[in-house]
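Let's take a quick walk through some helix packing and a strand residue. Have the structure open while you read.

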Amino acid sequence: MRYNPCHMPANVVFQREQVTVVDYRCSVGPEDGPPCRELHSAYSLSYVREGTFGYHAEGRSFELITGALLVGHPGCEYLVTHDHAYGDECLSFQFSPELVDTLPGEQRAWRVGAVPPLPELLVLAELAQSVVHGRTDVGADEAAVLFAVRFTEIVSGREPKQRSPSARDRRRAVHASQWLEAHSSAAPTLADAAREAGYSPFHFLRIFSGVLGLTPHQHLVRARLRRAARLLAEGQRSITDVAYDVGFGDLSNFVRTFQRAAGVSPRAFRRAARGDRKIFQEPAARFLAR
């Protein structure tokens with residue numbers, strides 16, 4: 001969201017070529033002295049998860065409360081004040097100029113300074129927060145792009161236009177799905193797949209989802225899960241090795257994602273593949289007894 005040499009601890013929770021997500025936690029209050037002058041280094045949408053603070057930039061002042069959105073653009077100097085309470089927490093989505101140039105709406109949307117809590121943005125911000133904390137199978141870069149798209153549409157007063165995918169779009173979406181399958185053990189980003197398909201990330205995400213009914217990241221995760229299930233059922237490699245072989249960069253994320261999909265842990269799935277039928281019978285019996 002911002003450069004702050006004074007009081008703002010920052011934790012980068014996601015970083016790719018065109019999207020970065022940063023978790024900011026501030027403990028400053030009314031008695032902590034004068035604020036520091038700060039500088040936006042990127043286009044950013046910072047969701048106020050908790051707390052409240054004042055924002056002063058380009059001759060305007062805003063009071064941001066929980067659920068509000070701080071909107072930044074590169075080179076903008078500003079001050080943050082805490083005159084009414086101690087501390088705040090923000091989840092900041094930062095975008096490259098190249099990505100912003102492809103979004104719908106108008107550039108002036110990024111100069112509004114702040115947006116009060118809006119239901120249409122609140123729900124997407126909470127979705128994005130769940131994504132970056134690994135609680136869904138949507139990609140963090142996908143959630144960030146969707147959030148930015150909806151923001152620009154709302155602030156510019158433009159509703160999204162629906163159109164049927166062309167034969168060219170369908171062909172490219174299918175090709176992209178095959179490319180993602182072939183590279184599922186690596187770490188292809190939304191930008192990588194969009195480049196392969198010949199679209200901007202925004203247009204690629206919209207076309208891929210419209211044609212195939214799921215997002216590129218969901219397709220990638222499911223390709224990894226299919227391969228993992230095969231390796232667990234047929235091979236002797238450790239669960240850790242399987243997780244990294246199929247493309248998961250974190251063992252706990254693999255275990256959580258696999259269990260959410262299969263209803264059992266990878267270890268239990270392997271036991272079931274080796275003849276322990278009770279693994280799947282017990283959940284089925286509980287379901288039928290409802």
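This is a predicted model: local features need pLDDT of at least 70, side-chain atom pairs count only at pLDDT 80 or more; totals for chains, interfaces and linings use all residues.

Start with the pair H5 and H6, which pack at an angle of about 80° with their axes 9 Å apart. Angles from 65 to 115 degrees count as roughly perpendicular, so that's the label H5 and H6 get. On the H5 side, the contact is made by Leu190, Ala191, Ala193, Ala194 and Ala197, and H6 brings Pro201, Phe204 and Leu205. Sort the residues of this contact by type and you get eight nonpolar, no polar and no charged.

Next up is H9, with 12 residues. From its first C-alpha to its last, H9 reaches 16 Å, close to the 16 Å expected at 1.5 Å a residue. Which residues of H9 are buried? They're Phe254, Thr257 and Phe258. Looking down the axis of H9, the buried residues fall within an arc of 100°, so they line one face of the helix. As for what covers them, the list includes H7, H8 and H10.

| Helix | Residues |
|---|---|
| H7 | 216–234 |
| H8 | 239–246 |
| H9 | 251–262 |
| H10 | 266–273 |

Last stop: Leu39, which sits in strand E3 (residues 37–39). Leu39 has 36% relative accessibility, so it counts as partly exposed. Between Leu39 and Ala57 there are 9.9 Å in space, C-alpha to C-alpha, and the two are 18 residues apart in sequence.

Key:
Residues are numbered from 1 along each chain as its sequence is written. Side-chain values use heavy atoms; hydrogens and water are left out. Axes are lines fitted to C-alpha atoms, for helices over the stretch in contact, and angles run from 0 to 180 degrees between N-to-C directions. Helices (H or I, at least four residues) and strands (E, at least two) are DSSP runs, numbered from the N terminus. Angles under 35 degrees count as roughly parallel, over 145 as roughly antiparallel, 65 to 115 as roughly perpendicular and the rest as oblique. Contact means heavy atoms within 4.5 Å. Ala, Val, Leu, Ile, Met, Phe, Trp, Tyr, Cys and Pro count as nonpolar, Asp, Glu, Lys and Arg as charged, and the others, Gly among them, as polar. The expected span of a helix is 1.5 Å times one less than its number of residues. Buried means under 20% relative accessible area, exposed over 50%, partly exposed in between (1.4 Å probe, protein chains only). The arc is that of the directions from the helix axis to the C-beta atoms.
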